[in-house]
Amino acid sequence: MDRRIYGGSAAINLILSLLLFSSTSALSKKNQIPSSGSGQINSNSVLVALLDSRYTELSELVEKALLLQTLEEAVGRHNITIFAPRNEALERDLDPEFKRFLLEPGNLKSLQTLLMFHIIPNRVGSDQWPNEESGRVKHDTLGSDHVHLTNGDGKKMVDSAEIIRPDDLTRPDGLIHGIERLLIPRSVQEDFNRRRSLQSISAVLPEGAPEVDPRTNRLKKKPAPVPAGAPPALPIQSAMAPGPSLAPAPAPGPGGKHHHFDGEAQVKDFIHTLLHYGGYNEMADILVNLTSLATEMGRLVSEGYVLTVLAPNDEAMAKLTADQLSEPGAPEQIVYYHIIPEYQTEESMYNSVRRFGKVKFDTLRFPHKVAAKEADGSVKFGDGERSAYLFDPDIYTDGRISVQGIDGVLFPEVEEIVESVKKPVKKVVQQRRGKLLEVTCRMLGAIGKDSYLSKCL
């Protein structure tokens with residue numbers, strides 16, 4: 001009997017323990033924020049709110065910095081607070097040289113550090129802001145740095161930026177405060193200053209020994225010095241000629257091992273950017289695997305030339321037929337027609353077509369040109385069925401190579417050459433009296449010989 005009672009009490013204790021454990025785990029799951037380890041976030045997330053908010057400039061920088069996955073993981077672990085600069089602070093108030101520095105592919109780490117400096121891994125609402133008596137409060141950021149929150153003269157501040165829209169967007173996993181200016185960490189500012197000081201150093205081209213003119217026994221005059229970053233003297237078609245390169249020495253530039261443009265590295269950067277951007281895998285595959293155009297483009301950029309690539313997206317490339325690709329050299333000719341030997345951005349091309357109506361750009365498929373015009377608030381290339389719109393502007397811009405995404409494959413127009421037939425034209429030649437006959441008639445008129453005068457008339 002004692003054993004039955006003892007066994008029964010043990011079973012009851014076991015059941016109570018299981019119920020207590022299940023209730024505790026259920027409560028913890030209820031209070032836990034849904035994790036984003038699967039790579040997906042809730043539509044009510046603060047990240048979705050940021051991408052759909054008025055802070056479009058900040059959203060674009062987050063996408064270009066490839067930080068979405070990192071932020072998803074941060075949201076999955078804890079609440080976050082984002083300090084979002086207004087669009088004007090990133091468009092007009094920001095130094096253009098500094099913005100260009102942030103968008104260079106080689107400075108991706110600096111851009112990521114700058115953006116992570118605007119995010120702290122906990123939720124700090126306006127009601128949790130420190131008051132004037134408590135002084136400033138330090139908060140660590142996602143970028144292994146820290147910011148200070150202060151309150152003075154009725155203004156809420158984060159470092160040197162004023163909070164102009166407190167609690168602008170609030171979500172279960174975080175909130176967004178609008179701030180008046182961009183926050184720049186010291187490390188990014190030092191990287192920019194270091195890069196700017198290196199760019200101010202002019203590279204010097206090597207000079208050969210002086211030459212003596214055998215006719216005058218005097219030194220030959222030196223050619224005019226080539227300024228740093230000057231374009232090559234020869235046209236780009238000469239540099240593309242087969243055989244040994246006819247192009248001059250590489251133009252001096254700020255980067256590279258020998259202070260020249262590193263075209264090979266820049267081409268690799270823009271192809272890598274195409275793959276990360278998504279939707280342009282076919283174009284990258286043609287450049288790298290099906291042709292040797294990536295190497296050719298790298299050589300041209302190293303020699304000082306600039307290029308603008310009109311990259312058709314995967315949907316457009318899928319519409320190419322087998323006949324269009326079966327001819328020898330067809331992939332090269334197609335890509336050559338999509339490369340403009342100028343440095344053009346979305347803004348510069350749109351301004352050109354708005355001002356001049358229709359513009360024709362030279363291509364590497366010489367002598368064919370690609371026409372561009374303004375249509376539906378964008379730039380439209382080509383005419384008729386073989387036309388394409390500027391679909392994804394400024395996918396890659398580094399000052400030497402510009403990549404613009406289009407939604408179609410372009411082909412040169414087939415111009416019919418009509419020979420003009422020259423028709424013979426009859427020329428009426430008026431008969432003219434001889435000089436002697438005219439003199440004779442005048443003499444007869446003076447004498448009064450009417451019979452001879454009538455013959456003259």
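User: Which residue in E15 does Lys 380 stand opposite?

Analyst: Two strands pair if DSSP finds at least two bridges between them; strands (E, at least two residues) and helices (H or I, at least four) are DSSP runs numbered from the N terminus. Here, Lys 380 stands opposite Tyr 389 in E15. Strands E14 and E15 (residues 386-397) pair in the antiparallel sense over 4 bridges. Their hairpin has 2 residues between the strands, and Gly 384 takes a positive phi near 65°.

This is a predicted model: local features need pLDDT of at least 70, side-chain atom pairs count only at pLDDT 80 or more, and totals for chains, interfaces and linings use all residues. Residues are numbered from 1 along each chain as its sequence is written, and side-chain values use heavy atoms, with hydrogens and water left out.

User: Which strand do 4 bridges join to E14 besides E15?

Analyst: Strand E13 (residues 369-375) is joined to E14 by 4 bridges, and the two run antiparallel. The bridge partner of Glu 374 is Val 379 in E14. E13 and E14 form a hairpin with 2 residues between them, where Asp 376 in the turn has a positive phi of about 55°.

User: Why is E14 described as largely enclosed by the rest of the structure?

Analyst: Buried means under 20% relative accessible area, exposed over 50%, and partly exposed in between (1.4 Å probe, protein chains only). In strand E14 (residues 378-383), 5 of the 6 residues are buried, so the strand is largely enclosed by the rest of the structure. Across the protein, buried residues make up 36% of the 457 residues.

User: Which residues of helix H6 are buried?

Analyst: In H6 (residues 96-103), these are Phe 98, Phe 101 and Leu 102. Seen down the helix axis, the buried residues of H6 fall within an arc of 100° (taken from the directions from the axis to the C-beta atoms), so they line one face. The face turned away from the buried side of H6 carries the exposed residues Pro 96 and Arg 100.

User: What lines the largest pocket?

Analyst: Rolling a probe the size of a water molecule over the atoms shows where empty space is left. On a 1 Å grid over the protein atoms alone, a pocket is an open set of points where a 1.4 Å probe fits, with protein on both sides within 12 Å along at least five of seven lines; lining residues have an atom within 4 Å of a point. The largest pocket is lined by 33 residues, and those nearest its centre include Lys 64 and Asp 394. E15 gives the most to this lining, with 6 residues.
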